[in-house]
Amino acid sequence: MFGNKYGIRSVIAFSHDLVAVVLSWLLAFLLLSDFNISAIPFALLLDLMPWILPIQAVVFLWLGLYRGLWRYASLPDLKRITVAVLLSIALITIVFWNLGLLGVIPYSVNVLAPILLLMIMGGSRLVYRAWKERRLYSLENYEGKLVLILGAGSTAVNLVKDLASSRDWHVVGMLDDDPRKLGTRLRGVRVLGVIDDLPHWVHKLNVGHVIIAMPSLSHRVHRHVLEMCSEMGIKAMIVPSYQDLISGKTTVSQIREIQLDDLLGRAPVVLDDEGLHGFLTGKTVLVTGAGGSIGAELCRQIIAFEPAHLVLFELNEYALYCVQEEFQAEFPDTPMSFVIGDIKDSARLEQLFIQFSPSVVFHAAAYKHVPLMENENAWQAVLNNVMGTYVLASTAIRHKVEKFVLVSTDKAVNPVNIMGASKRLAEMVCQAMQQSIKNHEQITCFVMVRFGNVLGSAGSVIPKFRKQIASGGPITVTHPEMTRYFMSIPEAAQLVLQAGLMGGSKGGGEIFVMDMGDPVKIRELASDLIRLSGLGEDDMRIIYTGLRPGEKLHEELLSANENTVPTPHTKLRIAQAPEVNAQWLVAFVTRFENIKTMDDEEARKELARWVPEYSPNGESVH
């Protein structure tokens, strides 16, 4: 009859409703007699109750009015109560008619009693719910985390609604720059002022947390809010992006800490989903360097387009092991192979291509750490980045791969270091290979994609800064004016896929350049990370160490002899780089296949011979 978990509460609720039945009939007679108690026919009531109470009790129990909790009373509960009251009064009327009592009871009492019963039963439940929520979520939360919400739009209102049932947060106010909203109340929370009033209200209300609930807020305002919060020593948090909310990955209430991506203000990438499905769905896709940050993210993005088989190729055993553990847990339904090997090993590649027959190759394997490649490892960078690309590309052509996508870098533009020059030479190799197969019955299309730094990638400045902050500092920056282009790892991977899809429209061999936005000062990046860590610049020193070997002060996306042409995608352009032909490729292969080893200086000279724009040792730093 009653649930075990809520038995006592259900018995109390049931008893309350039986009392409400008696009270409703008593009040109906009282209203009919103009509140003259002496005129109430108590004897008649006593005769009627043995019929009324059992009928209504049975109906209430049969319709399950006591399976829920009053504190969660809602519209469906009120509907059930209404049905129960109407059904029971109908049965009572039939019984009274059969007993000949219908003419004894005033008609108006038969109408008033169910109305009053409905008001008592429904009203008491709603009053109890309001009292319970106020006690639990207002008074108790007041001892928890007091929070101000920045924004008073639909996202902020939904956040207030979600946090109302949380014991962890108590929203004390909202701030918004829309003058029309000032002073208004949204879901019971008042809009106190504008965003610049934040310090005033933080001190006045003793707030320890701020939540930014404005997904479209510019990165400059994000940075401004973060600066204010850092100065006041309070925590700034943020709701998920529109992209995540729309995709269903997260809900408004899943607030998180502000991340570096939020301060860069990069707009979401719009992908040609239909085109990418045609490009990748049902295909075998090979990704080299799959254990690295870009390679692994490429694999995550590719899986969304349901390849027939994904082959993850990596030289670093531990990196591949980590990716395998993650992917087999996250994507158990995608056919995948995790393969150890070296892109310079032609026999291993031959075995791999025979076994899996990939249709699409994304080549992300490279030595990319600039200072490390500059000294002691220059020739290894050339072997891996250039000859490795040549061996892989040659294998792809022999096995009739449809699309070969080389992941390149902005450091290939007017390179001053070994890494950049080797990547530019790898681009030239792919350009020449495209030219060499144009007059033959070969189907492979080569595509190159350049982009700048990605946030959080292995060996990048961000993990280094975070480690320095964790160890107490100082943060080391090479030069106060140094700038770099940055984007997030998912954005970079998505644009590589998009470029891979678009490549070939002009015959293949295109070099795609990503829209990297505005360059960011490394010094500002360090300051942002300090603030994101909850510290001020007084707590963490920044020291300048000077440019390292092979480093530029400012990176470029195009060389002096390159222009770009637009593409249908707003974030991708095609660089009109100088072409290299098949004869160039023959000379290159003849030369490099005969070289066994070189010291650093010889490697620089050799690269300068093949890459005209290369300025070794930073002789003409841009």
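The secondary structure of this predicted model comes to 21 helices and 22 strands. The protein has 622 residues, and 52% of them are buried. Taking contacts between residues at least 6 apart in sequence, 76% join residues at least 24 apart.

**Helix α16**

Helix α16 runs over residues 418-436 and holds 19 residues. At 1.5 Å a residue, a helix of 19 residues should span 27 Å, and the end C-alpha atoms of α16 lie 26 Å apart, so the two values agree. Of the 19 residues in α16, 17 are buried, which means that the helix is largely enclosed by the rest of the structure.

**Helices α20 and α21**

Helix α20 covers residues 582-593 and helix α21 covers residues 600-610. Their axes come within 12 Å and cross at roughly 170 degrees. Because an angle over 145 degrees counts as roughly antiparallel, α20 is roughly antiparallel to α21. On the α20 side, the contact is made by W584, A587, F588, R591 and F592; on the α21 side, by E606, R609 and W610. By class, this contact has five nonpolar and three charged residues, with no polar ones.

F592 belongs to helix α20. Its relative accessible area is 3%, so F592 is buried. Leaving aside neighbours within four places in sequence, which residues is F592 in contact with? They are W379, V382, M387, L425, E606 and W610. F592 and L383 are 209 residues apart in sequence, while their C-alpha atoms are 8.9 Å apart in space.

**Q498 in helix α18**

Helix α18 spans residues 489-502 and includes Q498. Is Q498 buried or exposed? Its relative accessibility is 3%, so Q498 counts as buried. Q498 and H569 are separated by 71 residues in sequence, and the distance between their C-alpha atoms is 8.4 Å.

**Positive phi in loops**

Most residues other than glycine have a negative phi. K400 has a positive phi of about 55 degrees although it is not a glycine. This residue sits in the loop between α15 (378-398) and β12 (403-407). With a relative accessibility of 48%, K400 counts as partly exposed.

N414 also is a residue other than glycine with a positive phi, here near 45 degrees. Its place is in the loop between β12 and α16. N414 has a relative accessible area of 9%, so it is buried.

**Cysteines**

How many disulfides does a search of the whole structure find? The search finds zero. A disulfide is a covalent bond between the sulfur atoms of two cysteines. C229 is buried, with a relative accessible area of 1%, and C430 is buried as well, with a value of 0%.

**Accessibility of selected residues**

The residues discussed above are listed here with their relative accessible areas.

| Residue | Relative accessible area | Class |
|---|---|---|
| C229 | 1% | buried |
| K400 | 48% | partly exposed |
| N414 | 9% | buried |
| C430 | 0% | buried |
| Q498 | 3% | buried |
| F592 | 3% | buried |

The class follows from the cut-offs, because buried means under 20% relative accessible area and exposed means over 50%, with partly exposed in between.

Conventions. Residues are numbered from 1 along each chain as its sequence is written. This is a predicted model: local features need pLDDT of at least 70, side-chain atom pairs count only at pLDDT 80 or more; totals for chains, interfaces and linings use all residues. Side-chain values use heavy atoms; hydrogens and water are left out. A disulfide is a pair of cysteine sulfur atoms within 2.5 Å. Buried means under 20% relative accessible area, exposed over 50%, partly exposed in between (1.4 Å probe, protein chains only). Helices (H or I, at least four residues) and strands (E, at least two) are DSSP runs, numbered from the N terminus. The expected span of a helix is 1.5 Å times one less than its number of residues. Axes are lines fitted to C-alpha atoms, for helices over the stretch in contact, and angles run from 0 to 180 degrees between N-to-C directions. Angles under 35 degrees count as roughly parallel, over 145 as roughly antiparallel, 65 to 115 as roughly perpendicular and the rest as oblique. Contact means heavy atoms within 4.5 Å. Ala, Val, Leu, Ile, Met, Phe, Trp, Tyr, Cys and Pro count as nonpolar, Asp, Glu, Lys and Arg as charged, and the others, Gly among them, as polar.
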